[in-house]
Amino acid sequence: MVEQILRALLAESDSDEIDLRELVATLLDGKWWIAGFAGVFLAFGLLYAFLARPVYRADVLMQIKKPQSILAGLNKIQEMLGSPPSADTEIQIIRSRAVLLAAISARHLTLSVRPDEFPVFGRFFVSGNPAAEITSLNLPREWYGKKLKLKAGAAGQYSLYSPGGDKLLTGQVGQAEKTALAGDDAGITVAQLDARPGAEFSVIKLPALSVYRELNNRLNVTEQGLETGVLLMTLEGHDPTAIAATLNAIADAYVAESARLEALQATKSLQFVNDQLPLLQNQANEAQAALSAYETKQGRVEMSLEAKAMLDQAAQVQEQLTKVSLQNAQLSQQFTPDYPAIQALDQQRASLLAQKAKIEAAIRSLPQ
């Protein structure tokens with residue numbers, strides 16, 4: 001067939017004319033070969049479509065809000081200086097180990113439990129829908145990543161076998177079981193076991209960090225729109241129920257971690273304010289005592305409007321200086337002096353000090 005096609009093409013090139021009837025005849029001569037190849041590819045496509053496990057995607061929308069500072073004016077300073085977008089910060093928190101490891105622990109994702117079945121076609125020959133849920137599994141470190149066997153028994157009993165095939169223990173569903181090993185212990189808690197007696201499951205315990213990396217690669221977190229503060233989390237997998245539960249666990253862990261960080265920040269800020277209050281109260285008491293002593297010695301007099309305005313302005317400048325000092329002290333607990341907000345506060349304090357010195361010079365020029 002190939003030689004015929006080549007001859008037809010050569011004849012075509014020699015005559016510079018296309019003989020459609022000859023080409024059609026050549027194709028008809030090899031119709032069974034063409035149909036055979038098409039049938040093979042079609043069969044492979046149908047087989048893949050029939051056997052391939054579907055991939056599902058779950059998503060969660062969350063709105064984030066900026067925490068409010070307990071010190072007035074601090075947010076405005078940060079807005080003027082510019083700060084990293086809060087959405088990027090929250091995305092990194094979601095992907096952090098603290099959040100994802102908490103979700104992994106809540107969902108027991110370090111435990112892989114699968115019913116033993118014939119490869120590829122096994123799930124079509126398994127009667128019923130065997131399932132097992134293990135909530136805890138303690139093993140020696142050298143057994144991590146190795147396959148153990150869980151064999152279902154009668155009346156909710158089961159047996160656990162080591163990677164080498166040795167029987168470790170016999171337990172009851174819903175009860176914590178433990179056995180002593182050489183130099184270490186092994187324990188398991190099977191919360192649910194739906195399988196006929198004799199059914200076997202492959203059980204693998206994975207290191208938490210490897211599960212974290214795999215989950216972090218499958219997790220996608222993006223901001224919807226520009227500076228909207230709305231985050232979209234998506235997760236793909238073969239089990240729709242499992243990926244939805246895992247994504248909800250990640251969202252719950254993120255909310256809990258955000259609340260913990262805000263509570264920690266509020267506690268530190270409140271502690272700082274409580275530490276500063278006695279000092280400010282002592283300064284206020286000393287100023288009040290000095291004023292009372294002066295009034296007793298000199299007697300109270302009516303000041304001119306100009307003198308009163310200067311004194312009021314001096315009091316306002318001193319109040320602003322106190323606020324700037326508080327903000328500077330709070331930021332200094334978390335950042336170095338090179339932080340832009342601290343440098344801005346230093347410049348503002350220098351300006352206020354210069355203004356205060358100018359007002360005090362004008363006050364000294366007033367009559368006694």
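This report describes the sheets, helix packing and selected loop residues of a predicted model.

## Overall composition

The protein chain contains 10 helices and 11 strands. Of its 368 residues, 26% count as buried. Among contacts between residues at least 6 apart in sequence, 67% join residues at least 24 apart.

## The three-stranded sheet

Three strands, in the order S1-S11-S10, form an open sheet with antiparallel pairing. Strand S1 (56–63) and strand S10 (219–223) are the edge strands; each has a single partner, so one side of each is left without a neighbour in the sheet. From one strand to the next, the twist averages 20 degrees.

Strand S11 (residues 230–237) runs antiparallel to S1, and 8 bridges join the two. Within this pairing, Ala-58 is placed opposite Leu-235 of S11. Helix H5 (residues 86–94) lies across S1, S10 and S11, and its direction makes an angle of about 165 degrees with S10.

## The five-stranded sheet

A second open sheet is built from 5 strands in the order S2-S9-S4-S5-S6, again with antiparallel pairing. Its edges are strand S2 (111–115) and S6; each of these has a single partner strand, so one side of each lacks a neighbour in the sheet. The twist here averages 25 degrees from one strand to the next.

Pro-115 stands opposite Phe-201 in S9. S5 and S6 form a hairpin with 5 residues between them, and Gly-165 in the turn has a positive phi of about 95 degrees.

## Packing of helices H6 and H7

Helix H6 (residues 97–107) packs against H7 at an angle of about 105 degrees, and the two axes are 10 Å apart. Because angles of 65 to 115 degrees count as roughly perpendicular, H6 is placed roughly perpendicular to H7. On the H6 side, the contact is made by Arg-97, Leu-100, Leu-101 and Ile-104. H7 contributes Ala-208, Leu-209, Val-211, Tyr-212, Leu-215 and Asn-216. By class, the contact has 8 nonpolar, 1 polar and 1 charged residues.

Within helix H7 (residues 208–218), the residues Val-211, Tyr-212, Leu-215 and Asn-216 are buried. These residues cover an arc of only 135 degrees around the axis, which puts them on the same side of H7. Val-211, Tyr-212, Leu-215 and Asn-216 also belong to the contact with H6.

## Loop residues with positive phi

His-108 has a positive phi of about 55 degrees although it is not a glycine. This residue is located in the loop between H6 and S2. With a relative accessible area of 29%, His-108 is partly exposed.

Ala-155, likewise a residue other than glycine, has a positive phi near 55 degrees. Its place is in the loop between strand S4 (147–152) and S5. Ala-155 counts as exposed, at 71% relative accessibility, because the cut-off for that class is over 50%.

Notes
Residues numbered from 1 in each chain as written. Predicted model: local features only at pLDDT ≥ 70, side-chain atom pairs only at ≥ 80, totals over all residues. Heavy atoms only, no water. Pairing = 2+ DSSP bridges. Helix = DSSP H or I, 4+ residues; strand = E, 2+ residues; numbered from the N terminus. Axes fitted to C-alpha atoms, helices over the stretch in contact; angles between N-to-C directions. Contact = heavy atoms within 4.5 Å. Buried < 20%, exposed > 50% of the residue type's maximum accessible area, 1.4 Å probe, protein only. Arc of directions from axis to C-beta. Parallel < 35°, antiparallel > 145°, perpendicular 65-115°, else oblique. Nonpolar A, V, L, I, M, F, W, Y, C, P; charged D, E, K, R; others polar.
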